[in-house]
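Have the structure open as you read.

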Amino acid sequence: MLAAIKMEVMTPMVECPDEGSIAIEFPMPPICSPLVRPGRPADVASVISKQLSDTILSSGMIDLKELCLVGGKAAWMAYLYIYCLDADGALFDAALLSAVAAFSHLNIPVVSLNDDGQIVLVSEDTVQLKLEKEPVNKEKRKLKLNSPPFSLTCILDKNYILADPTAEEESIMETVVTVVLDLSYQLVSLYKPGGPVLGHTSGIQVSLHHNINAYLNEQQGFFFFSFLYKAHLRQTLR
């Protein structure tokens, strides 16, 4: 995944005059998979874009008020582009990790109001001159992230659970489930795109029970991964 963020100044919505906005795009160029044809966007791209947007907003990771410049007049619009370079399964997991990394490295620039009431970027040359109006934000700062989410995609087959499947494994199995948690292990969302009804619920519960106990005892698997991920995020956000 290759992630980048573009910032633009917008007029905030009337319903939320003190909040900015985010928009997420998930382009899938033909280089990512032989199934993606030039000139025709992949169907899964729009689904992942919507899923990413819903997850980030519902998790509370970003306080949209942090993107406000002047209440009711100006706010930041953050465009997040995540380019898929290799579509080999569990795309949402990789895309969400890329989104969190991109926002954690986002630096909000210093801006000021000009005589026409428009937002202008304050450069080093402008700082040396005397500004008629004080900058809207005094210094360049990083966007504060509250509780970044992380996800795990699994495929279910009878009494078995396979985590982090490849594209080939996803094409064989019909039931795919994505679980999204925050850093406190609180459930953010549970996504199941179609597939048959889970008829072996008891078997899955038993399998989950044994797997979780094994992971906790051996410090392997999903919980160990989430621990490393949590430590990496905290180190990144410092």
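## The chain as a whole

A residue counts as buried when its relative accessible area is under 20%. By that cut-off, 38% of the 238 residues of the chain are buried. Please keep in mind that this is a predicted model.

The chain holds six helices and 12 strands. If you take the contacts between residues at least 6 apart in sequence, 72% of them join residues at least 24 apart.

## Two helices that pack together

Two packed helices are described by the angle between their axes and the distance between the axes. Helix α1 covers residues 43–59 and helix α2 covers residues 91–104; their axes are 10 Å apart and meet at an angle of about 50°. That angle makes α1 oblique to α2, and the crossing of the two is right-handed.

Which residues make the contact? From α1 come Ile 48, Gln 51, Leu 52, Thr 55 and Ile 56, while α2 supplies Leu 91, Phe 92, Ala 95, Leu 96, Ala 99 and Phe 103. Sorted by class, the contact of α1 with α2 has nine nonpolar residues, two polar ones and no charged ones.

## The largest nonpolar core

Now look at the largest nonpolar core, which has 39 residues; Phe 26, Met 28, Ile 56 and Phe 103 touch the most other members. Two or more residues each are given to this core by β2 (21–25), α1, β3 (68–70), β4 (74–83) and α2. Helix α2 gives the largest share, eight residues.

Not counting residues up to four places away in sequence, Phe 26 touches Met 1, Ala 45, Ile 48, Ser 49, Ile 82, Cys 84, Leu 91 and Ala 95. Ile 48, Leu 91 and Ala 95 also take part in the contact between α1 and α2.

Is Val 180 buried or exposed? Its relative accessible area is 1%, and the cut-off for buried is under 20%, so Val 180 counts as buried.

Leaving aside neighbours within four places in sequence, Val 180 is in contact with Thr 55, Phe 92, Leu 96, Pro 149, Phe 150, Ser 151, Gln 186, Leu 187, Val 188 and Ser 189. Val 180 and Thr 55 are 125 residues apart in sequence, yet their C-alpha atoms are 8.0 Å apart in space. Thr 55, Phe 92 and Leu 96 are also among the residues that join α1 to α2.

Conventions. Residues numbered from 1 in each chain as written. Predicted model: local features only at pLDDT ≥ 70, side-chain atom pairs only at ≥ 80, totals over all residues. Heavy atoms only, no water. Axes fitted to C-alpha atoms, helices over the stretch in contact; angles between N-to-C directions. Helix = DSSP H or I, 4+ residues; strand = E, 2+ residues; numbered from the N terminus. Parallel < 35°, antiparallel > 145°, perpendicular 65-115°, else oblique. Left-handed = near helix turned anticlockwise from the far one by under 90°. Contact = heavy atoms within 4.5 Å. Nonpolar A, V, L, I, M, F, W, Y, C, P; charged D, E, K, R; others polar. Core = buried A, V, L, I, M, F, W, Y, C linked by side-chain atoms within 4.5 Å. Buried < 20%, exposed > 50% of the residue type's maximum accessible area, 1.4 Å probe, protein only.
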